Every structure is written in structure tokens, then in C-alpha cells.
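This report describes selected side-chain interactions in a protein model. Please consult the sequence and the structure while reading.

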Amino acid sequence: MKRRAAWWLLRFAAVGGAVVLIALLVVTTGLVPIKASSGHWAITAWFLEFTKDRSVATHSLAVTLPPREAAWLVMKGAGHYEGGCRPCHGSPGLPLPRVAGAMTPHPPALAQLVSQRDSEQLFYVIKHGIKFTGMPAWPTQQRDDEVTAVVAFLEELPHLDAERYRQLVFGPAPAPSSAPSLVATQCERCHGDDGRGRGSAAFPGLAHQRRQYLVNALEAYARGDRVSGIMGPIAAGLRPDQWGELADHYSQLPSEGRLANLSEAPPPDPARIERGRQIAAEGLPQLGVPSCSDCHGPAPHQRNPAYPLLAGQYADYLVLQLELFKERRRGGSPYAHLMDKVASRLTAEQMRDVAAYYASLQAMDGQTTER
């Protein structure tokens with residue numbers, strides 16, 4: 001019995017060795033076609049698709065989604081989809097782009113695919129990408145909030161027609177603009193033709209922001225010191241002189257353009273704003289938190305031009321930046337590290353208080369006033 005088992009084992013080993021040898025010969029001779037134009041064999045396509053689905057289903061079990069209740073997340077995700085996803089996956093009213101249609105495998109039409117994936121699976125694929133498909137990982141693994149925005153948009157995608165998609169991505173049809181072409185092609189879609197940021201915390205208002213701060217921010221995005229899967233690739237694709245061109249444009253926009261549009265937000269809580277005002281004016285000495293206004297205003301003295309103006313900025317956007325500082329995921333200019341310890345000493349409630357206060361202000365003629 002043992003001799004018979006040994007004989008079968010030897011036979012299997014010989015057959016296995018022959019298969020491996022043949023495979024090596026086929027590979028080394030270059031007979032395996034890798035041309036995308038030929039597509040996959042049906043069995044190959046099935047095997048790859050099955051393997052991908054099982055892998056995503058298994059690994060997404062460990063995913064814990066960040067909160068995504070904020071309505072502006074859909075707009076933020078739409079802004080990235082237009083630039084980063086539509087060229088391969090198409091959009092409502094536009095078929096699969098021709099170049100993407102020549103890929104093997106073809107990028108799927110996501111409006112149809114979304115219903116087959118749960119939120120955790122979408123998050124996992126967007127964050128990590130998929131090997132051998134052309135689907136890249138998110139450009140930074142440190143910004144789950146950005147990935148979450150794309151998930152929020154994708155979950156709305158099946159319900160969008162071409163016009164609603166256009167409104168989410170571009171907003172209302174803008175009036176004729178005299179902005180430089182670089183602004184029109186790279187910035188207006190998200191930050192608005194007037195620099196207001198599309199009226200929600202999806203994108204920050206840039207109008208009347210300090211030039212030096214804007215240049216520093218773009219440079220930090222380009223270097224990767226300020227991590228963002230959305231802004232990093234955009235800034236890295238610009239020349240340093242174009243950073244200056246963009247900073248010149250936005251810093252010279254009228255100051256009232258920085259007024260935060262709160263028409264779609266709940267009325268601000270006066271008690272919250274007052275608590276934020278006290279933090280901004282006096283700091284929290286018992287916690288080692290300095291006054292915000294010393295660096296960011298409102299204050300009569302001159303301040304470092306590398307420090308951003310905060311008056312009129314969207315509250316949710318300010319809270320996000322404080323959270324990123326607290327988690328050590330928000331680099332930037334040589335002064336950004338000053339905020340790390342400050343943010344780490346604030347509670348979530350205190351962050352919202354001070355953000356609500358600054359959102360309640362507007363900048364007028366270089367001076368900050370309450371509104």
C-alpha cells in the first residue's frame with residue numbers, strides 16, 4: 001500500500017514539474033500575449049473578476065467609515081470625480097470615454113456598479129485601488145475624509161441625470177469672467193469664479209486670502225507636506241510661477257467675496273459664537289492654548305503674511321483643518337507645526353465654537369467686522 005501511494009506521489013510530482021517547466025518555457029519565449037487590444041479569454045476574465053470581488057469583500061470587512069452625514073460631502077466628491085474619475089468611467093450623459101474603452105479590462109460604468117457594492121467596499125477600492133486594472137490608489141493614504149467624500153458622491157451617482165451632475169460639479173452657469181485661463185481651468189470648478197468656494201464647506205473660500213499663505217499652501221501640496229489626494233496632484237502639475245499667478249488672483253478678489261454663504265446651513269447659535277469669540281480673543285490659558293486673533297485676527301496689529309485669514313471661512317472647513325492638525329495630518333508652510341499642539345488641546349466642541357465664530361465674521365477693506 002505504501003509503495004502504491006509513493007508511486008502515485010512520484011507521478012503527480014513528475015506531472016507537476018512538467019507543467020511548471022512548460023509554463024516557464026512559454027513565459028521565457030514571450031509567447032504569452034499582453035496586448036490590451038486582444039482582451040481576456042472568458043475564463044481569464046471570470047477568474048480575475050471573481051478574485052477581485054472576493055478580495056474586496058474580505059478586506060472591506062475591516063473598514064470603519066468616517067461620518068458622512070454632511071450634505072456638502074457629495075459636492076466635494078463630485079468635484080474630484082470630474083477631474084480624477086470621469087476620464088475613465090464616464091459620467092451621466094457621457095458614454096465611456098474612447099481611450100478608456102480600449103483598456104483591458106474596461107473601466108466599469110460606476111452608476112451601474114455602485115448598487116452592487118456596499119459603502120465599505122466602495123471606500124476600500126477608492127482608497128487602495130485595484131492591481132492590474134489601471135485603478136490607482138488614492139494619492140495619499142492619510143486623508144480618509146477625502147475618500148469618504150467620493151463614496152458619498154458615488155452613492156448619489158445612480159440617481160443623477162446629466163443636468164444634475166453638471167450642477168454638482170460646476171454649480172450655476174457663471175457670468176462672463178475676466179479671470180486668467182489658469183484659474184478657469186484649474187480652480188473655478190471648486191472654488192467658484194468669485195472665490196467664495198461654491199457656498200459650502202466642500203471647498204474653502206479663497207477670495208482676499210493672503211498671497212503668501214496661498215503660495216505656501218500650493219507649494220506644500222506639491223511637495224506632499226500638506227497631504228491631499230485632491231489638491232496634491234493639481235499643485236504638483238503647476239509651475240512655481242503659476243502658484244504665484246493663482247495667489248495673485250485670489251488675494252486681489254474683493255474682500256466681501258470671502259463672506260461665508262450660510263443660507264443652506266442652520267442659523268448660527270449665538271451662545272456657540274460667543275464661546276468661540278472668547279477662545280479667539282483670550283485663548284484657553286489653563287490648557288496652554290493662545291489667542292487665535294493674535295495670528296489670524298481680528299486684531300489691529302500687523303500679522304505674519306504667511307498666517308491665513310479665517311474671517312468668513314466655512315465653519316465645517318475650519319473644523320476639518322483643526323482635526324487634521326490634531327491628528328498630525330496637516331502640514332503646510334514652515335509655520336504649520338505651530339498649530340499641532342494648539343489643536344491637540346482643543347475638544348471637538350471647542351473646535352466647533354471657534355469655527356462658528358470665525359464663520360460669523362466677514363472681511364471688509366482689510367478690517368474684520370462682525371455680521
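Predicted model: local features only at pLDDT ≥ 70, side-chain atom pairs only at ≥ 80, totals over all residues.

Glu-155 forms a salt bridge with Arg-68, and the closest N and O atoms are 3.4 Å apart. The two residues are 87 apart in the chain: Glu-155 belongs to helix α7 (residues 144-156), whereas Arg-68 lies in the loop between α2 (42-59) and α3. Arg-68 is also partly exposed, at 29%.

## Further salt bridges

The structure has 21 salt bridges. One of them joins Arg-352 and Asp-316, with 3.2 Å between the closest N and O atoms. This pair connects helix α18 (residues 348-359), which holds Arg-352, to helix α16 (residues 315-326), which holds Asp-316. Arg-352 has a relative accessible area of 36%, and Asp-316 has 27%.

Glu-327 and Arg-329 form a salt bridge at 2.0 Å, N to O. Lys-76, Arg-143, Asp-145 and Glu-146 are linked in a network of salt bridges.

## A buried histidine

His-89 is part of helix α3 (residues 72-89) and is buried, at 15% relative accessibility. A polar atom of the His-89 side chain lies 2.8 Å from the backbone oxygen of Pro-108. The residues that His-89 touches include Tyr-81, Leu-96 and Pro-107.

The structure contains 0 disulfides. For Cys-187, the nearest cysteine sulfur belongs to Cys-190 and is 8.8 Å away. Because a disulfide requires sulfur atoms within 2.5 Å, Cys-187 is in no disulfide. Cys-187 is buried, at 9% relative accessible area.

How values were computed. Residues numbered from 1 in each chain as written. Heavy atoms only, no water. Buried < 20%, exposed > 50% of the residue type's maximum accessible area, 1.4 Å probe, protein only. Helix = DSSP H or I, 4+ residues; strand = E, 2+ residues; numbered from the N terminus. Polar contact = N/O pair within 3.5 Å; in protein donor to acceptor, adjacent residues only side chain to side chain. Contact = heavy atoms within 4.5 Å. Salt bridge = Lys/Arg side-chain N within 4 Å of Asp/Glu carboxyl O. Lists of a residue's contacts leave out its neighbours within four places in sequence.
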